[in-house]
Amino acid sequence: MGCLLRSKRLPIPSVPDTLGIVNIPHASPPDATTASGKAAARGAAPRSNPRSSTPPSGGSGVPSGSSGGPSGVDGRSSRWQSHREERRRELIKSARKAVHALGSDASMEDIAVAAGTSKSVFYRYFGDKAGLQQAVGEVVLGQMQRRIQEAAQSAQTPREGLFAMVSAYLQMAETSPNVYTFVTRHGDADTAGPSISTAGALSHFFAAISDMIARPMRSHLGGGQDKEAVIGYWPNAAIGLVRNAGEQWLASPPGPAKPDQEAMARQITDWLCFGIAPELQTPPTGADPVPDRGTS
């Protein structure tokens with residue numbers, strides 16, 4: 001174990017990680033001021049020193065308590081891990097800004113250039129574009145989830161809760177449609193739809209939203225097998241309606257026919273609560289009313 005610690009020291013960052021370079025410390029040559037150095041200078045074999053950082057061949061390793069011992073290695077490992085996590089957060093933030101400015105189809109090369117680094121750095125931290133999408137998605141969708149939860153908690157009735165959640169969802173998506181599309185719909189360039197990893201983050205997000213919808217419904221409707229059937233299916237169906245209507249709204253060009261965010265949120269909430277029954281009951285302008293076929 002000691003030999004392993006000496007022969008494979010953990011890398012310590014000493015230059016900007018954007019260059020992908022780290023210095024691997026090597027053992028220093030014998031110093032003439034040390035006992036072993038003096039012995040080597042005289043041509044004599046150095047004396048074994050049980051506290052030396054370089055034990056004699058066949059030794060048991062670095063003694064506990066020395067600067068190169070397990071505690072030293074653990075400290076360096078912790079600092080290196082902390083450095084990597086901080087660097088990863090910086091790259092995710094840079095990628096999000098790049099996608100916001102360049103569009104959801106931005107390549108890894110485009111993102112790296114906008115971030116002021118090389119494509120190889122992104123590949124080293126995220127594996128591939130799908131990995132980067134997953135990482136950005138976890139951050140973006142996590143923020144959306146918290147915002148939607150805060151909106152739902154401030155509502156007084158189930159309908160107010162639905163409106164607050166729909167409104168928060170549309171607001172967050174509208175803040176950066178490019179980023180929203182990047183993390184919810186695009187996989188690798190050669191695939192259609194979300195990648196497996198991105199779909200996993202998205203699935204977790206919508207499962208959490210479904211649970212947010214189901215909890216007040218269960219409290220409002222009470223128990224019972226018939227109620228559980230509604231609660232089990234309706235939240236997922238509602239999410240499908242909100243997502244598809246919301247994404248179509250996001251993709252629609254500005255114009256008189258496109259409602260603003262609040263009007264769209266209210267329209268979607270009405271569809272969730274009442275469906276299109278009110279529209280079906282109102283005859284078109286200028287049309288004869290539907291005759292009443294009830295019994296006289």
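Predicted model: local features only at pLDDT ≥ 70, side-chain atom pairs only at ≥ 80, totals over all residues.
Q: How many helices and strands are in the protein chain?

A: Helices (H or I, at least four residues) and strands (E, at least two) are DSSP runs, numbered from the N terminus. The protein chain has 12 helices and 0 strands. Its pattern along the sequence is α-α-α-α-α-α-α-α-α-α-α-α.

Q: How many residues of the protein chain count as buried?

A: Buried means under 20% relative accessible area, exposed over 50%, and partly exposed in between, with a 1.4 Å probe and protein chains only. The protein chain has 296 residues, and 31% of them count as buried.

Q: What share of contacts join residues at least 24 apart?

A: Contact means heavy atoms within 4.5 Å. Take the contacts in the protein chain between residues at least 6 apart in sequence: 64% of these join residues at least 24 apart.

Q: At what angle do the axes of helix 8 and helix 10 cross?

A: Two packed helices are described by the angle between their axes and the distance between the axes. Axes are lines fitted to C-alpha atoms, for helices over the stretch in contact, and angles run from 0 to 180 degrees between N-to-C directions. Helix 8 spans residues 177-184 and helix 10 spans residues 225-251. Their axes come within 11 Å and cross at roughly 135 degrees. Helix 8 and helix 10 are therefore oblique to each other.

Q: Is the crossing of helix 8 with helix 10 left-handed or right-handed?

A: A crossing is left-handed if the near helix is turned anticlockwise from the far one by less than a right angle, and right-handed if clockwise. Helix 8 makes a left-handed crossing with helix 10.

Q: Which residues meet between helix 8 and helix 10?

A: Helix 8 brings Pro177, Tyr180 and Thr184; helix 10 brings Arg243, Glu247 and Leu250. The residues of this contact divide into 3 nonpolar, 1 polar and 2 charged. Here Ala, Val, Leu, Ile, Met, Phe, Trp, Tyr, Cys and Pro count as nonpolar, Asp, Glu, Lys and Arg as charged, and the others, Gly among them, as polar.

Q: How do helix 7 and helix 10 pack?

A: Helix 7 (residues 158-175) packs with helix 10 at an angle of about 40 degrees, with their axes 11 Å apart. Helix 7 passes helix 10 in a right-handed crossing. From helix 7 come Leu162, Val166, Tyr169, Leu170, Ala173 and Glu174. From helix 10 come Trp234, Val242, Arg243, Gly246, Glu247, Trp249 and Leu250. The residues of this contact divide into 9 nonpolar, 1 polar and 3 charged.

Q: What is Glu247 in contact with?

A: Glu247 lies in helix 10. At 13% relative accessibility, Glu247 counts as buried. Leaving aside neighbours within four places in sequence, Glu247 is in contact with Tyr169, Tyr180, Thr184 and Arg185. Glu247 and Ala173 are 74 residues apart in sequence, yet 8.6 Å apart in space, C-alpha to C-alpha.

Q: Is Ser210 buried or exposed?

A: Ser210 sits in helix 9 (residues 196-221). Its relative accessibility is 12%, so Ser210 counts as buried. Beyond its neighbours within four places in sequence, Ser210 is in contact with Pro235, Asn236 and Ile239.

Q: At what angle do helix 4 and helix 5 pack?

A: Helix 4 (residues 108-115) and helix 5 (residues 119-126) pack at about 105 degrees, with axes 8 Å apart. They are therefore roughly perpendicular to each other. Met108, Glu109, Ile111, Ala112 and Ala115 in helix 4 meet Lys119, Phe122 and Tyr123 in helix 5. This contact of helix 4 with helix 5 divides into 6 nonpolar, no polar and 2 charged residues.

Q: Where is Ser118?

A: Ser118 is in the loop between helix 4 and helix 5. Ser118 is partly exposed, with a relative accessible area of 27%.

How values were computed:
Residues numbered from 1 in each chain as written. Heavy atoms only, no water. Parallel < 35°, antiparallel > 145°, perpendicular 65-115°, else oblique.
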